[in-house]
Amino acid sequence: MRILQLLAALTFTCLMLANARADLAIIAHPDNPLASLSEKDVQKIFLGRLRMFPDSDLETQTLDLPDNSELYSRFYARIAQMTPAKVRRYRAFYLFSGKGKVPYQAQNQQDAINKVATEKNAIGYVDATSDLTGVKVLLILQE
Amino acid sequence: MRNPLIYLLLMAIPCQTLAFDDWAWSGFASVAGGKTNRDGLSFKNYDENWSFDADSVVGLHLQGDLLPHLSFTAQIVAQGYHANDTDQYQPEVDWLFLSYQWSPALRMRAGRMRTPHYLYSETINTGYSYPWVRPPTNVYTFFLTPFYNFDGIDLTWNGDLGPFELDIQVFAGAMDGEYAELDIKAEPVGGANLTLRGQQWLLRYGLIINSTDISSPGWHIYQDAYRQLALFTGDTLFNDIADAFEANDEPYAYHALAAQWEHRNWTLLAEGYYIDNRGDGFANTSTGGYASVLYHTGNWTPYITFGSYYNVLNEDAIQDLEDSYTTYPAGTLGPQAELLRSGTLDAFRSFKSKQRSWTLGTRYDLFTNTAIKLEAEYFDFLADTTGLMIPAPDARRPKDAVLVSFAIDVVF
């Protein structure tokens, strides 16, 4: 009985933790030629050092969530160990030194999913528990 | 006249391909002010009175896609400090290029670009992109302003090197500018940058080689006078001195090293450069470096920077002039020639500068697109020079000076 209680408590705790920090899904258009992406490539794409999907002829169009959102902070902390303030400085450096485009900013996760579902070269990141019909998941960043 | 290539580039934008979604305007601006604590010494446009024209700048940036893999970028900048006083706040084209992405790893750009001398050279006008009021002046000296842009091409390759990333940039083109009374041209210009990147650090080495022409119409009479002196005395030493008044296809080499390391809330940044020219003409040898420690806490980034700078012009010609006094003691060449000789020696020596500096300051990120910075830089002048500060004629030459300055930087 005690073991069952303990198991129930553990499961509950795990669920709570999972709820608090859901995994991040890296999503792309269903026609994207890639089946998966490495975390390193995701970092390079979102920092603008890789402007085309690896081993493809397809340019990347990155999509950011609003920079005051929790997912934005978590995403850049995870892939580049960068705080939002550091990302902003980096973007200014990147853009105004003529290195390339900065990401489009989606209004929210649903907007990001909709844009990725319609733009062939788009790539974005959303909560992995979202409804991801119409997009292809290239990587799950487990928390 | 700048390279006509850039005008062709402007005309190359096919208007019918302009799809609104693929084009974006953005921009940046800085309002900055500062003053020194010494009369008769100036640094950029700063002097003993508050000035707002040294680091204030506004820029507009346009970027768009023309065709798959082909994009267009233009940036127009108006800044308060200019090597020529008459060009203050005149809009200038800093960037204007077409970019072609050959493959995921390889990109080519052609047009006008910022010369990638150092880590922050390409965004020196975008205050928001760096932590300080201005990038450390011991390395980012204003003498480089004529060389800020080049017209030409560059190739950038990015790849993995084991667990690290390697960026290789090679470029070639031409530069053309003015500094005070000097006409400066560098053609051809070639260079390469290697950047090795780990998760929390980067190392960069840059090399630029210029074939440089430097001349000033006002100096021709002095050159002619020295050539006459060479004829009159039969001593070629005076021809060597005449040669030092201009550079003709002189090879100048610029070496630069940078290192950046980030750990938790700390950032350590260090850069150094070495400019080498030992040709027969107008010669310049210069070294400089800095190390900056930054601490990030909330919206605050306090920093401390130490740097040093050394620059000497026409070192060999100074030696020749000094030697000439052994062969022709003072008073033996006639009054006009004596005046020429002592005046030249004073002038060449006056371009020598040596200094150290310490900077204490902080950046505060006020809004997501606005940063405020405040700093004080203490200049310690060495070797009887006034370092990077320029003394007014007959002004006292102090041993040190302090420059306090602030900046409000926005991006939009």
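Modeller: The buried residues of H5(B) pack against helix H2 (220–233), helix H3 (237–243), strand S14 (300–313) and helix H4 (315–327) of chain B. Helices (H or I, at least four residues) and strands (E, at least two) are DSSP runs, numbered from the N terminus. This is a predicted model: local features need pLDDT of at least 70, side-chain atom pairs count only at pLDDT 80 or more, and totals for chains, interfaces and linings use all residues. Residues are numbered from 1 along each chain as its sequence is written, with chains lettered from A and ligands numbered from 1 in the order in which they are written.

Colleague: Which residues of H5(B) are buried?

Modeller: They are B:Arg341, B:Thr344 and B:Phe348. Seen down the helix axis, the buried residues fall within an arc of 70°, so they line one face of H5(B); the arc is that of the directions from the axis to the C-beta atoms.

Colleague: Why is B:Gly162 called exposed?

Modeller: A residue is buried if 20 or more other C-beta atoms, placed from the backbone, lie within 10 Å of its own, exposed if 12 or fewer, and partly exposed in between. B:Gly162 has 6 such atoms within 10 Å, and is therefore exposed. B:Gly162 is found in the loop between strand S7 (149–161) and strand S8 (164–179) of chain B.

Colleague: How many residues of chain B are in contact with chain A?

Modeller: There are 26, which meet 18 residues of chain A; contact requires C-beta atoms, placed from the backbone, within 7 Å.

How values were computed:
Contact = placed C-beta atoms within 7 Å.
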